[in-house]
Structures are given as C-alpha cells and as structure tokens.
Amino acid sequence: MSIKADLHTHTNRSDGIYSPDELIRKAHSKGIVILGITDHDNLGAFPRAIEFGASLGVEVIPGVELSANVAEKEIHILGYFVDFTNGRLLEYLKLLRDERAKRAVRIVEKLNQLNIPLKFESVQRRAGSGAIGRPHIAMVLVDEGFVSDYQTAFNRYIGFGCPAYEKKFNLAPAEACSLIASAGGLSFLAHPGRSVDDKLLKTLIKSGLDGIEVVHPSHNENLVSHYRGIAARNFLLESGGSDFHGGKDNDDDVLGSYYIDISRVDEMKRKRNSHAANF
Ligand code: AMP
Ligand code: ZN
Ligand code: FE
Ligand code: FE
C-alpha cells in the first residue's frame, strides 16, 4: 500500500471550517503522513502547523492557493514549499485578502439590493482571521435562512453570472508563478479538470508551472491518466489531494480518499532543492 500524501487542504485561515490543529489531527487519523495546507491567499497557519504536525508524525508542507485570471476565466495555482516569512509574498497576500474583503462588501451590497438584508459584519465574523470568500457568504446565507442550502446560495445569487456575483482582483498566471518562485516555492496548476481545457493548459504550462495537480475529487480515473500523461510529456511534476474544506457538503470521508504517493513529494523536494542551489 502506498503511504498517503494529501497536498491540497484548507483550514479556517481561509474557507475551511477546521483550525490547522483540528485538520492535522483528522489527517493523522486517516493515515496521511504528508499534508499540504494550501489556504487561499493566506499563510497564517505557519509555522505553528509544521510544529504541531511534527508532534504527531505528520510532515506539513507549507502551501498557498492563489487565484489567477486568464481571459474571463479564473484558475487556481498551488504554491508549495514557500517561505512563509518572505516579505514580498506576505505583502501580496495581504493585498489579495484586502481585495477579497472589498469584493465581499460589494456582494453584500448587491444582495441588499435584492432585498436580502445580510450584513457584512456577519460575513466577516464567519471568516474570522481567514481570507474572506464566497463560501463564507454562502454559509451565512444558509445560517440566516435566506437560502435552504449552500449550493442554492451559489446557484441563485453568488455563483458566476448570478445577480450578486462580483469579480475578484487576481494576478495573472505568470505573476502568480513568479511570486511563488521568488519565495522559493514550486507552482502547480490546481484541478485543471474543473475549468481548464487542453488548449488553455498548453498556454498555462508556459507561464512557469512546475507541475499539475493530477489527483483531485473533480478528476475521474480517465482525467487522472490524461493529466498524468500531459505532465510526463511536458517534464512536469505531479501533485494531488482532497481539496478538503470540511463542513456539511464536504464530509470527513473526503480526507484520506484523494492522495498521492510520497515518492511524488520526494520529486518535488529534489526540484525545489535544485532551484535553491542555483541562487
Ligand atoms: P472565492 O475565492 O471567494 O471566489 O470562492 C471560490 C470558492 O467558492 C471555490 O473554491 C468553491 O469552493 C466555491 N464555489 C465557487 N463557485 C461555486 C459554485 N458554483 N458552487 C459551489 N461552490 C462554488
Ligand atoms: Zn476553498
Ligand atoms: Fe481551487
Ligand atoms: Fe482548494
């Protein structure tokens, strides 16, 4: 049996519901020995998560998930092994979180115009110290009884093209990759199966990606083989994980069900170390 590495998870430092400690405990109980914590626009889980993981025998890899715009589309880029004390990266993340908060205000205003008297403060409270996002808005819409469930919040109000949808400020893919590289990290295209066709993937590979997320809940077996082939033909690394957020629509069984072999992580470390040697 392979030893599990899950390189895509979220905590309450972004839109996950568990604290880093809770997530690490759960991952440990599911047999995950290497855990990538990849909160949106936030490195607030580190270094504490690394130390807590080590106390349980879980190697925590510091990561971050950035959004990037290409044409009208939004794609996600995962950065691994980033230096979470890098001033430039932290400054950018702060800017991205500030932009998220401003966009949440605009979404709330649109909802208010639609006769939904949601308060920004409730959304902010829900997000706590985490990077604020649409999932927080969806959760508050459910809690306050404006919609019956989380998915309906997206389908009816805040999903792409819906009446309260608002665009978020994002970097360009090449900017996201270079930001990650300048903090010593490796860039991986997240869940291409969700929104990236092969033509776009070809373009994105030229933006400075080190690898592709091959294993993800949105990828069936065929897609996993498909992206594995593309990674191999383009000399790219492979990553994968559960994209676990926790909560009603994303139960704990997701954790431990989507993983890669730790040998993939060794390959990443080799590439990261060869980069570092070139500086
Ligand atoms: P944000 O980064 O604030 O734009 O929020 C993006 C997150 O919202 C995604 O990572 C998904 O978890 C969730 N999301 C976006 N669109 C939908 C949708 N149509 N249905 C359900 N969840 C969605
Ligand atoms: Zn998320
Ligand atoms: Fe994502
Ligand atoms: Fe994610």
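1. Glu65 and His76 are both buried, where buried means under 20% relative accessible area with a 1.4 Å probe and protein chains only. Keep in mind that this is a predicted model, where local features need pLDDT of at least 70, side-chain atom pairs count only at pLDDT 80 or more, and totals for chains, interfaces and linings use all residues. Residues are numbered from 1 along each chain as its sequence is written, chains are lettered from A and ligands numbered from 1 in written order, and side-chain values use heavy atoms, leaving out hydrogens and water.

2. On to the metal. Glu65 (OE), His76 (ND1) and His191 (NE2) coordinate the iron ion (ligand 3) at 2.1 to 2.2 Å. Glu65 sits in strand 3 and His76 in strand 4 (residues 73–80), 11 residues apart. Donors here are N, O and S atoms within 2.8 Å of the metal (3.2 Å for Na, K and Ca), and water is not among the atoms, so sites may look incomplete.

3. Along the chain, the iron donors follow the spacing E-x10-H-x114-H. The zinc ion (ligand 2) is 5.8 Å from the iron ion (ligand 3).

4. Now for the voids: a search of the whole structure turns up one cavity of 30 Å³ or more. A cavity is a set of points on a 1 Å grid over the protein atoms alone where a 1.4 Å probe fits but cannot get out, and lining residues have an atom within 4 Å of a point. The largest cavity has a volume of about 40 Å³, volume being the space filled by probe spheres set on the points.

5. Its lining includes Asp41, Arg100 and Phe169. Strand 3 (59–70) and helix 3 (87–113) each supply at least two residues of that lining; helices (H or I, at least four residues) and strands (E, at least two) are DSSP runs, numbered from the N terminus.

Technical notes:
On a 1 Å grid over the protein atoms alone, a cavity is a set of points where a 1.4 Å probe fits but cannot get out, and a pocket is an open set with protein on both sides within 12 Å along at least five of seven lines; lining residues have an atom within 4 Å of a point. Buried means under 20% relative accessible area, exposed over 50%, partly exposed in between (1.4 Å probe, protein chains only).
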